[in-house]
Amino acid sequence: MASSCAHVGRQIHRATKLVRRDVKDALQRRYFGLGSATFQQPAATVSGSAEEIVIPRKKTWNKEAVLQALASTVNRDPTASHYVFQDDSYLTPRTSAEFKLYSLAQESGRTAAKYFINTYPKYFQKDFANPHIPCLMPETLELQVNEVSEAALIERIQLRKVKEAVDMYDQLLQAGTPVSLDLTNDLLDLISLYGDCDPARGDAPEQRTEEMGEEQEDAKRRKGMPQKASDFLRLVWRENNNAERIFNMMPERNRRSYGALIRGMVKHGAYSKAFNTYTDLLNNRLTGDVHIFNALISAAPEVREKYVEKWDLIVDLLKQMAEQKVKPTLLTFNAVLKALRRCGSLGRTQAFPVINEMKALGIAPSLATYDHVLGIFYKAATSAQGHTEILQDVLSEISEESFTAQDPDDVEFFKDAMRICLATKDIEQAYRVHSLLGVGENWKLLGDSYYQSIYYGRFFNLLCMMEHIDVVLKWYKELIPSLYYPNSQGMRDLLQALDTDNRLDLIPQIWKDIKRMGHDNKTELVEEMLSLMARENQIPEVQQSFADCALDVKALYTQTDRRVPLSWSAGSLSSITSILLAAERTQQAWEMLKLFKLANRVPSESLMNQFLESVKASNNAQQAVELVQISASFCLSITPNLMERVQQEFDLTEEQRNTLSDLESSTAVSD
C-alpha cells in the first residue's frame, strides 16, 4: 500500500513537472513574438565559444520612437502648404510675401499671448493640464528677493536683468559684503554676452531706447564714410562700460574672468582691446582656455591688414595653445578656416593642412567646416573659374552622412554649395547636394525660411537652365508650393525653359500659377510672357488658349483698384493685339488697336502689316481704309505702302477711294 502510494506520488510529481515545463515553453514562445522579456533568461555560454551572449531583459525606447515610426510611413505632400499653416486653412500662403506675413502673424500672436501671461501671471494660475506642463504656465520674470544679498544677485543674473544685477552688485560692495569670485564671473558673463544692455524680452513689444537712438544716429552720420559691417558692432562696446569697471574692481581674477571679458569684446567688435586683455592675462601668469583662443582666432583678421600678417597671428595663437596645453575643438578649426577665407590666395595653400591636422586629432568636420573650405576656393566673382573638383571631393566625402548642428555657420553650407553649382552650371553636383539634404535630419540645417528660399531658388534656376522641360516641370510640381515660392525671376526662368524646349503651349497653365503667386503685377514678367505667345503662330487650339490668356492679362491692365496697377507699354499692346489676330479674333484686336491712342503709344509697322493681312483674309474693305487712317494718325512711315496695298488688293467704293486720295494728299503736304 505504501509502495503504491509512493509510486502514485512519483507519477503525480513527474506529471506536474512536465506540465510546468510545457506551460513555460508555450509562454516563452508566445511572449517572445511580442517583444516581451519577462520569460527571457540570460543565455548560457555557447559551447565552443568564449563569448557570452546576454539577451537584455528590457528594451528602452526613445520617447519619440512611436512618432518617428509613424512619420516614416508617410511622405511629404508636394501639393500641401508648409506644415505650420495646416491648422488654419484661411492662412494658407500663396506667395513668398504671404508666407513671411502669415509666419510673422502667427509668431506675433504667440508672442502677444506670452507677453500678457508673463506680465500678469496672477490671472493665469489655473492649471488645466494633467499631468502638469511647466512650459504652459507663466514664467517667473518678476524679482522675488528684494533685500541686498548674494541671493538677490543670483536671481537677477538668472533672470538676465543686466542693469539690476549691476546695481545689486554695487550695493553689495557699498555694504561691505564680499561677493564670491564665481558669482562675479557669472555677472561678467552676463554683461559681456549682452553688451552691458538688458536683452530684449522675446515677448515684449519693440521699444526704442535713447542709447539705441544715439547709436543709429551716429551710424547715419557715418553713412558716407567707407566702413566695414563690423564698424556697426564696435559702437555697441562702450569705453569703460560696466564689464570693464567690475573687472578692474575685482580683487582677484582668474582665467574665467579674463575669458568673459575677451569673448565679450570680440562679440561686440572691440578686437584690439580683446588682444590687449589677453596680453594682460599672460602677464598675470595665467593661461587661456579653448573659448578664449577661439574668440581671438576669429578676431585675428580684424587687427591685421596683410594676408601674411593675419596668418602669422593665427599660427602664433595656435602655438600658444600648444604651449599652454589647450586642446583645440571643432570650433577652433572652424574659426581658423573662417579666418582663412579673408586671406586670399594664402588661404588656398593653408586650408588642406588645417583639415589634415584636424583629422589627425580625431575631430570630425561639421557642415560649417566644409562651407569654409568652399568659401576659400570659390569666391563670388570667380566661382566659375577653376577649383571645380573641390566641391566634388567634398560631396564625395560627406555623401550619405547625417549631420547635427555643431556650429552656427552649419546652416550656410547648402545655400553656398548650391550657389557654386549655379555659378559653374554643374547640374550633377546640384543633384548630389540636394540628395545630401535628404539624408537623415540634414534638412534641419537648411536654415530659416529666407535661406530655404535662396537655396531652392538657385536650384530651380539651375534646373531651368540645364534640364529638359519635362524634368523641370517634375521638380516644379515637387517643390511648389510645399517648399518654395518662386519670385518673379524664378517664373521668368521657367518661361525661358519653356521657350528653349518649344513648349510654349504650357504658358496659359503657368499664367494661372503666376496669378496665384501674386506676380501678375510684375511688368517685366507679364510682358515677357506676352512676347513669347505673340512671337509665332501655334496650332488653333493653342492659339485660342493664348487669346484667352491675353484677354485675361488685358483685364488686369484695365483694373484701377489694384495696389500696383499695370501701365500699358507699346510692347504689351502690340503683343496682345498680335495674339488676338493670330487667333482670328479681329474685333477684339481692333479694340486693342484703339487703346494705342488712349495710352499714347505707337503701334509697330509689323503689327500694321499683320493687321492688314487679317483684314485681307476677311475681305473687309472698310476696315482696311480705317487701318490706313489710323496709321496716318500715328504718322507712320508705312502709311503710303499700306495705302497702295489697299488700293490694289481691295475692291473699294468711290467714297473709299476719295477718302484714300484725301489721306494721300494730306500726307504729301505734311511731308
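## Basis of the report

Contact here means heavy atoms within 4.5 Å. This is a predicted model: local features need pLDDT of at least 70, side-chain atom pairs count only at pLDDT 80 or more, and totals for chains, interfaces and linings use all residues. Residues are numbered from 1 along each chain as its sequence is written, and side-chain values use heavy atoms, without hydrogens and water.

## The α20/α21 pair

In α20, Y456, F459, F460, L463 and C464 meet V472, W475, Y476 and L479 of α21. The contact residues are 9 nonpolar, no polar and no charged. Nonpolar covers Ala, Val, Leu, Ile, Met, Phe, Trp, Tyr, Cys and Pro; charged covers Asp, Glu, Lys and Arg; the others, Gly among them, are polar.

Helices (H or I, at least four residues) are DSSP runs, numbered from the N terminus. The axes of α20 (residues 449-466) and α21 (residues 469-479) come within 9 Å and cross at roughly 160°. Therefore α20 is roughly antiparallel (over 145 degrees) to α21. Axes are lines fitted to C-alpha atoms over the stretch in contact, and angles run from 0 to 180 degrees between N-to-C directions.

## S366

S366 sits in the loop between α15 (345-360) and α16 (367-377).

## V308

V308 lies in helix α13 (residues 307-323). Its C-alpha atom is separated by 7.7 Å from that of C343, 35 residues apart along the chain.

Conventions
Helix = DSSP H or I, 4+ residues; strand = E, 2+ residues; numbered from the N terminus. Parallel < 35°, antiparallel > 145°, perpendicular 65-115°, else oblique.
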